[in-house]
Amino acid sequence: MFEGLSTRLSGILDRLKGRGALSEADVQEAMREVRRALLEADVALEVVRSFTDKVRDRAIGAEVIKSVTPGQMVVKIVHDTLVETLGTDGVALDFQAVPPVPILMVGLQGSGKTTTTAKIAKRLFEKQKKKVLMASLDTRRPAAMEQLAVLGKQVGVDTLPIVAGQSAVQIARRAVEAARLGGYDVVMLDTAGRTHVDEALMAEVAEVERAAKPHEVLLVVDSLTGQDAVNVARSFTGRVNVTGVVLTRVDGDGRGGAALSMRAVTGKPIKLLGTSEKMDGLEDFHPSRIANRILGMGDIVSLVEKAAESIDAEKGMAIAKRMQSGQFNLEDLKDQLDQMLNIGGMQGLMGMLPGVKNMQKQLAGAMDDKAIKRQRAVIQAMTPWERRNPKEIDGKRRRRIAKGAGTGPEEVNKVLKMHRGMADMMKAMGGPGAKRGPMAGLANMFGL
Ligand code: GDP
């Protein structure tokens, strides 16, 4: 469903994410493009607006964490805002009530209500070993009742025997009573749908709700209908106490607008997704997974998260200050190497960045984890005084350090040379707009 949106957004963010420095104007421009992409994906205008405003404010106000580029930071902010718009945490169906727990299924005709009823029943029965009874309340369409009975047989779940001439409310009462007497855990009530939202339908659904006192009221909407799905949801939520939304046909080529607008517009969580006509085509809705699907940048998001987790911010700030004032000593270099190893080393860092596979090969000798550990060992073999005064390390000291680190003096030279190169570069980068932070030098050196 999200292909179009996904292609557009990843295109926009791809351009941002490699950039070392981003100006406010860059962010503004990117947000204009994001806004266009969301509108084309049929996301409700109010949602688009609040989305892009949030991202812009967060991106401009954000302190870029060490070891990621500002572009990568923006990717993470877009991702997090997307997750938030989609509803943050997935909300599961709730069965915490005295059985038989009534579930009311509502929605327009053709939205996939009956199919979804049977899918949920199958899942409850097979995965959670619940005893489920299903009943169709569609008194106007005998074919709908038949359809549920057929699906019931197919998935091995009981359906309430059809009795001609009963009203929807009467059937609902009979279903709940039969479920109680029969020792069922769950009773699913599949209400009648109409092709459009109309007053008679709403009145009937509301009446059934009063009679059956459902624990969950699931609204089934067709994702292919885009913003209409959201409007339908708005009408239903005004009349019945909808507890969750099931978005069907996400296997189709819908543009994603319904999924993105639903929570923000109706305040109701999407709980499930219908992913095929088949009875096992039902998935839990996880905002973060969907956001990853849309952005296709899970790697970068976890990179930023990992970096944020493993890097000591205060230490980072202190080092950053020293760097800018040109005092970058070997203690600081050792801290940087430690941090790199913390976030999974060079291999881990590279593996998480798409498009750097080639570079990874080139760096394999020069900057792999073994090399980092070797360099660290060299610094560890120095005295604190030597670390603060690398210029004073003469041939004699060099040999002693090499011995202590279990390598040759040429390794010590390499570390000293690397430190000098970085210290110079950092001094040069101290100007306004420069990429800062303890990893900035390394990141720059490797062109990250
Ligand atoms: P109802 O009128 O709301 O009860 O809708 P139905 O359950 O009869 O579904 C209408 C049609 O949509 C049927 O042909 C279903 O097989 C199909 N359908 C339902 N859910 C999905 C879905 O998630 N994906 C796809 N591809 N088809 C679906």
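Helices and strands are here taken as DSSP runs, a helix having at least four residues and a strand at least two, numbered from the N terminus. In the predicted model, Arg 249 lies in the loop between strand S6 and helix H10 (257–266). Phi of Arg 249 is near 55°, a positive value in a residue other than glycine. Most residues other than glycine have a negative phi.

Pro 100 belongs to the loop between helix H4 (70–86) and strand S1. Most peptide bonds are trans.

The protein chain as a whole contains 21 helices and 8 strands. Of its 448 residues, 46% are buried. Among contacts with a separation of 6 or more, 76% are between residues 24 or more positions apart.

The strands form an open sheet of 8 strands with mixed pairing, in the order S3-S2-S4-S1-S5-S6-S7-S8. Strand S3 (158–159) and strand S8 (282–284) stand at the edges; each has a single partner strand, so one side of each lacks a neighbour in the sheet. Strands of a sheet pair through backbone hydrogen bonds, either parallel or antiparallel. Strands S1 and S4 run parallel and are joined by 5 bridges, and Ile 103 has Met 188 in S4 as its bridge partner. Strands S5 and S6 are likewise parallel, with 5 bridges between them; here Asp 222 is partnered by Thr 248 in S6. Strand S6 (residues 244–248) is mostly covered, as 4 of its 5 residues are buried.

Helix H8 (residues 199–212) has 14 residues and reaches 20 Å from its first C-alpha to its last, close to the 20 Å expected at 1.5 Å a residue. Its buried residues are Leu 201, Val 205, Val 208, Glu 209 and Ala 212. These residues cover an arc of only 105° around the axis, which puts them on the same side of H8. On the other side of H8, Glu 199, Ala 200, Ala 203 and Arg 210 are exposed. The cover over the buried residues of H8 includes strands S1 (101–107), S4 (186–190) and S5 (216–222), together with helices H7 (168–181) and H9 (227–239). Just after H8, Lys 213 takes a positive phi of about 45°.

In helix H1 (residues 3–17), the buried residues are Leu 5, Leu 9, Ile 12, Leu 13, Leu 16 and Lys 17. Their arc around the axis is only 130°, which puts them on the same side of H1. Thr 7 and Gly 11 are exposed on the other side of H1.

The ligand is surrounded by 18 residues, of which the closest are Gly 112, Lys 113, Thr 114, Thr 115 and Gly 274. Helix H5 (residues 113–127) gives the most to this shell, with 3 residues. The shell comprises 14 polar and 4 charged residues, and no nonpolar ones.

Notes
Residues are numbered from 1 along each chain as its sequence is written. This is a predicted model: local features need pLDDT of at least 70, side-chain atom pairs count only at pLDDT 80 or more; totals for chains, interfaces and linings use all residues. A residue is near a molecule or strand if its C-beta atom, placed from the backbone, lies within 6 Å of it. Ala, Val, Leu, Ile, Met, Phe, Trp, Tyr, Cys and Pro count as nonpolar, Asp, Glu, Lys and Arg as charged, and the others, Gly among them, as polar. The expected span of a helix is 1.5 Å times one less than its number of residues. A residue is buried if 20 or more other C-beta atoms lie within 10 Å of its own, exposed if 12 or fewer, and partly exposed in between; C-beta atoms are placed from the backbone. The arc is that of the directions from the helix axis to the C-beta atoms. Two residues are in contact if their C-beta atoms, placed from the backbone, lie within 7 Å. Two strands pair if DSSP finds at least two bridges between them.
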